[in-house]
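Thanks for coming. I will go through one structure today, and you can follow along on the screen.

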Amino acid sequence: MLITLKDVYKIYGEGLESEVRALDGVSLEIDYGEFVAIAGQSGSGKSTMMNVLGCLDIPTYGDYFLAGQDVSELSDRQLSHIRNKQIGFIFQGYNLIPSLNALENVELPLIYQGVGVSRRRDMAMEALERVGLAARAKHLPSEMSGGQQQRVAIARAIAPAPPIIMADEPTGALDSRTGLEVLGFLQQLNREGSTVLLITHDNGIAATARRIVRLSDGRIVEDHPQQVDWYKGGGA
Amino acid sequence: MKFGQAVKMAVKSILAKKGRSFLTMLGIIIGIASVMTIVATVSGYNAKMMEAFEAQGTNKITVSLNLNSGESGFEKIYDYCQGLGSDVVGVSPASQIWTTVKYGAKASDTMDWQEQPRVYLGSDQYSKVSSFEVARGRDLSRLDIEEYHQVCVLGARAARVLFDYADPLRQSITISGVPFTVVGIFAEKDAESSYSVDSTILIPYTAARFIPNTDGSSSECYVKVKDSQTINPVMQRIQAYINSLTQDGMYGWGYAYSEQQWQDESSGVLTMISVVLGGIAGISLLVGGIGIMNIMLVTVTERTREIGIRRAIGAERGSIVTQFLVEAAMICGVGGVIGIIIGYGGTHLAGLLLFEGMSLYPSAEITLGAFAFSVSLGILFGMYPAIKASGLQPVVALRAE
């Protein structure tokens, strides 16, 4: 298994009257190469789930194994390396650095990997070409439309060719046509072997995934079994 | 991530936020430059005052004696001091008279005021009191005083402006139209100042009676003593002598005081001025510092988000802290250097404008202190978001609002 969550809780303000259980005892397994949509209403805990899965946040209780490794035992440095090399994030709010142009934003994860200047530039340009923004490489985020910014964010996520892609409402701020384009990318990446996690509140978008995990009030209320997968040969 | 990368990122970040970088630098520049200039100006003022004291001649006692009998108070003091032995170097009046000096076609009233020869009434000991050496010819003699000789001794500059390349000795100049023969020339004492003691023309105080509208019986005179230790004992003896003659005002009045007393009081005032201006300088340093903090803290939220993004895509805590450290150190270092340059220029300008071209130099301690204070403050607050945010879970930093 690539991802194993066992009885994971994320509790804010524990012990207080206002205590919020963003994740309330979640157990989940995701295998290599899956395309999983994590669906749910706003406030259902799906973003919290992505933050935990993406090593951006730590669970209050419970175990999280990533590729067999207990994440709670990893140092901050090791977690940084995992985020850097293993996971590509696509955030709802793009999260580009406003003072850097498109190319520099895409280069950023490669810089932290220590990739040399010319190779890094090539890889970043290649990623921008894939999302069709090579011509806009020198533009600042503020000079681009929302869809273009989201595509820069995708280029940034895919530039280091990470095995896992996590996308939080990647189509949330986009019109339906650009939204479909973005989904097309994710499916393409999945076909190329990446494991893709798609967080969305939109059932229509969730339906494009091969497996849907539905969250409500921090619990998994529905987990559509994975369709038969030729290279794995079995269900979840 | 390599250090070179951190430097590149820092440069990029500085250039991308020119306003922020500039305002931070401004705080540092103003702090350092103002402290340097103010402190150097105060110390220049101090030096100028000390110079004035030196020119006055230290180890001098100012004495005045006026007797109701009409006798000359000065002569009484002069005679008395001759009995005090080697403690007293000389006794002389030193009053200037305002008059026109002429030689041939040269007249003092047509000269630049700084060049004008200045006529002083003195005794045969004037040169000792004012530390002049006779370069050529002779000094005033006791006989010149007693017999009202119309002779004079010229300061080096007075000789030059009146005579150019001619030999002044035995020539005759006129002071308010009255002829005086040049008997000697003093050696040059102060070639630097534009307004120099070398413009002195010394005549016997008794010869003042020949000059219209001039009162030769000057009330004040100077007693020059051997060294600073002898000032007080000699002054007390003169004071006692004055008291014995005047009998508490019955037969006249007089006083004796030393420059040193005045000097002590003045240096007290100067210390106070230094403290007050130093305080003002300290406040401007502090205001500059608060400016730095302000700019840095205003951008914390923005920077925290940036740190969240960088952390999310895999930056290690160390990389973030290094980047922010390099960034702050560069802004503050450049600002500090500019501040020192401007402070140096400001100090020089203050020397030119306030102290007639005196070379002022900022103190190295003050410069280093102001630099260290501003720059460490800037670096501390520049690092603050990095230290604060890099310890957070990336998701918390990302949510910063």
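Where the two chains touch, chain B contributes 19 residues and chain A contributes 21 residues. Keep in mind that this is a predicted model. On the side of chain B that touches chain A, the elements giving two or more residues are helix H1 (3-16), helix H9 (300-312), helix H10 (317-354) and helix H12 (394-398) of chain B. What kinds of residue make up that side of chain B? They divide into nine nonpolar, five polar and five charged.

Let me pick one residue from helix H9 of chain B, namely B:Glu302. Is B:Glu302 buried or partly exposed? A residue needs 20 or more other C-beta atoms within 10 Å to be buried, and 12 or fewer to be exposed. B:Glu302 has 15 C-beta neighbours inside 10 Å, so it counts as partly exposed. B:Glu302 also lies 9.8 Å from B:Leu398, C-alpha to C-alpha, although 96 residues separate the two in sequence.

Now the cores. The largest nonpolar core has 116 residues, and A:Ile38 and A:Ala155 have the most contacts inside it. Helix H2 of chain B, residues 18-56, supplies the largest share of this core, with 12 residues. Apart from this core there is another, of 56 residues, including B:Leu121, B:Val161, B:Val182 and B:Ala207.

Back to A:Ile38. Which residues does A:Ile38 touch, leaving out those up to four places away in sequence? They are A:Lys46, A:Met49, A:Met50, A:Leu197, A:Ile199, A:Val213 and A:Leu215.

That is all I have.

How values were computed: Residues numbered from 1 in each chain as written. Chains lettered and ligands numbered in written order. Predicted model: local features only at pLDDT ≥ 70, side-chain atom pairs only at ≥ 80, totals over all residues. Contact = placed C-beta atoms within 7 Å. Helix = DSSP H or I, 4+ residues; strand = E, 2+ residues; numbered from the N terminus. Nonpolar A, V, L, I, M, F, W, Y, C, P; charged D, E, K, R; others polar. Core = buried A, V, L, I, M, F, W, Y, C linked by C-beta atoms within 7 Å.
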